[in-house]
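Trainee: I have a structure open and would like to go through it with you. Could we take it piece by piece?

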Amino acid sequence: MGRKNQNILKTPRERVTPDSSSKMCLFEQIKLLHENGLHSNLIALGGLVLTVAENQPENSLLPAARYQTLVYVGRSLQIQGEYRRAEATFREALQYVKAIAKTKVAKTSDMFKDGLTEIDVKYAMAECNIAVRQFSQALTLLESIPQRHRTPKVNMGLGRLYQQAGMERPAITAYKEVLKECPLALEAVQELLSLGVRGAEVASLMINMHGNSAETEWLSLWVKGHAYLHSRDYPSAISSFKQLEENSALSRNVDILATLGETYYLAGDSKNALTMLQRAHTVNHLNLRGSDLLACLFAADKRNRELEELAMATTAVTDTAPQPWITMGYYCQLSKRTTKAIYFAHKACSINPRSVEGLLLKGTLLLELKKLQEAVMHFREAMQIAPHRFEPHKGLVDCYLAMHRSREAVTIASNACKLLGQTPRALTLYASVLLKDSLTVSKGKSLLEKALKEDPYHLPAVYLLCELYEQDMRYEAAIELLRKQVAVQSTSRLHQMLADFFSHVHDEEKAAHHFGIALNHEPSNTRALEGMQKMEAAPDTVEAPPYDMEVEDIADSEGEVEESDLEAVWSDVDFSFSGQ
């Protein structure tokens, strides 16, 4: 090769002398591509150079350079998303090191001197395995690293994999090792608390804040709040996080707002949960934390427009996280597009198999489609991941009642009261099952009354108790209970039920008034419409006051008119999938 052609291979940083070997020139160019992030170029050049090294080992790269080239190619493949090729290339690099060590051509220490060590390569291989959901292979790789050589990154990866496999004790050990070297690794802190480690013990593993308490005085309150959260002391957790948000330098922090919203949600306070999660989304609409719960709350309130806007905002952020797919699933569910909704829920579960919100949404949709066994499977999986969440228990109860398996439904509801505590939601769930059997109606009624003592405005208990009053023809008692409710909170169903009871006692004027309010809230309320029509058909009835119906509500109630902006995003998606 002439001097002019040789100069083409010179790096801008280190000029190659005329007698430098082409081996070093090639490797320096590969290294230069790596340093400049030209990954596709590195893959192309590296593949050619490695083939030459395979066919003519005596005239190609030195052993250390060949190992490094394999590692660089593997890393570039990993960054490009070609995880299986990357893992195979990393494995080839480690096998090459072992082969060289046997022949004693070069020392192993020389091979690792200028690049990734064996530990780094094994961790990169584990990352590739995780990316293609080969979790057991990833765990085996990381476990093969001797304990004394495990870095915080390795221990964190082990902790996650152990936790995913349900191996809590080794997961706790791994997370504690992370905190020993990185005491402010807050994700490790949260995972330890979620695994039942006491807050005081976790705090002792964290950095000693004495001497600079003014800068980090919020940290102890943050730890305390999460300790309360994971021990299910929701009132204390809410108090701690509110103090952080309102009275510290963390005001308007999106993670604190989202955590506060999630805590309210877990406590069954949907109204405050919605407020906080909306604030978090407003502060930073690119942060996906809590957006799946926000979508669930919008769907429960039938707020179609807000849900569509949220779905469009989340899908603009990424398609590799479960939250955007969950928000789109709820939007489709609310729009009566169940096939699309279940596809999106399935997609969320395939991205993150431990996504509780994804599993709950998919289970609910399968229940709607009467695919009860599959729904049970998803609710059970959600319960296994998050046993202290209320929704999996309710989902299973609904499934077993639909399957006419009352005994199993009673067992699940009874266990919910034991596991979740005798909260209004758990008591109401148990009562709803007991009311199905005439022999246990009185016990169910007492549970409803107990639930309303805990929370006088817990609507599911109010609705069920009013249905009991109707069966017993205790109309005045029902009217008294419902009047107390509408004085504080107003829903379409409350006013519709109150109107029905006024009809029973022949107070048509008040009945018409509340039917009108019910239809203002929800123009598609079938029972309110039927009640109004009966009153109009009856002679000498009081003329009902007109109720306002927005044009957009009429359009929604009449079905699809035109494709929305969000639908255009996924209108061409193939919705065929295999059940999870």
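Trainee: What does Asp255 form a salt bridge with, and how far apart are the closest N and O atoms?

Mentor: Asp255 pairs with Arg289, and their closest N and O atoms are 3.6 Å apart; a salt bridge here is a side-chain nitrogen of Lys or Arg within 4 Å of a carboxyl oxygen of Asp or Glu. Asp255 lies in helix α15 (residues 254–266) and Arg289 in the loop between α16 (270–283) and α17 (291–300), so the pair ties together parts that are 34 residues apart in sequence. Helices are DSSP runs (H or I, at least four residues), numbered from the N terminus.

Trainee: Before we go on, what kind of model is this?

Mentor: This is a predicted model, in which local features need pLDDT of at least 70 and side-chain atom pairs count only at pLDDT 80 or more, while totals for chains, interfaces and linings use all residues. Residues are numbered from 1 along each chain as its sequence is written, and side-chain values use heavy atoms, with hydrogens and water left out.

Trainee: How many salt bridges does the count come to?

Mentor: The count is 22 salt bridges. One of them joins Arg91 to Glu87, with the closest N and O atoms 2.5 Å apart.

Trainee: Where do Arg91 and Glu87 sit relative to each other in the helix?

Mentor: Both belong to helix α5 (residues 83–103), and because they are four residues apart there, about one helical turn separates them. As background, an α-helix has 3.6 residues a turn, so residues three or four places apart point the same way. Arg91 is partly exposed, with a relative accessible area of 37%, whereas Glu87 is buried at 12%.

Trainee: What about Lys510, which residue does its side chain meet?

Mentor: The side chain of Lys510 meets that of Asp507 in a salt bridge of 3.8 Å, N to O. Lys510 counts as partly exposed at 36% relative accessibility, and Asp507 counts as partly exposed at 24%.

Trainee: Switching to helix packing, at what angle do α4 and α5 cross?

Mentor: The axes of helix α4 (residues 63–79) and α5 cross at roughly 165° and come within 7 Å; axes are lines fitted to C-alpha atoms, for helices over the stretch in contact, and angles run from 0 to 180 degrees between N-to-C directions. The two helices are therefore roughly antiparallel to each other, a label used for angles over 145 degrees, with under 35 counting as roughly parallel, 65 to 115 as roughly perpendicular and the rest as oblique.

Trainee: Which residues make that contact?

Mentor: Among them are Tyr67, Leu70 and Val71 of α4, together with Phe90, Ala93 and Val97 of α5, where contact means heavy atoms within 4.5 Å.

Trainee: And how do α28 and α29 pack?

Mentor: Helix α28 (residues 475–486) and helix α29 (residues 492–504) pack at an angle of about 150°, with their axes 9 Å apart. That makes α28 roughly antiparallel to α29. Their contact includes Ile479 and Leu482 of α28 and Leu498 and Phe501 of α29.

Trainee: What should the span of α9 be?

Mentor: Helix α9 (residues 152–164) has 13 residues and should span 18 Å at 1.5 Å a residue, and its end C-alpha atoms are 18 Å apart, which agrees; the expected span is 1.5 Å times one less than the number of residues. Buried residues in α9 include Val154, Met156, Leu158 and Leu161, and what covers the buried residues of α9 includes α7 (118–131), α8 (135–143), α10 (168–181) and α11 (186–194). Just after α9, Gly166 takes a positive phi of about 80°.

Trainee: Last one, which residues is His226 in contact with?

Mentor: Leaving aside neighbours within four places in sequence, His226 is in contact with Gln190, Leu193, Phe241 and Thr259. His226 lies in helix α13 (residues 213–230) and is buried, with a relative accessible area of 2%.

Methods:
Buried means under 20% relative accessible area, exposed over 50%, partly exposed in between (1.4 Å probe, protein chains only).
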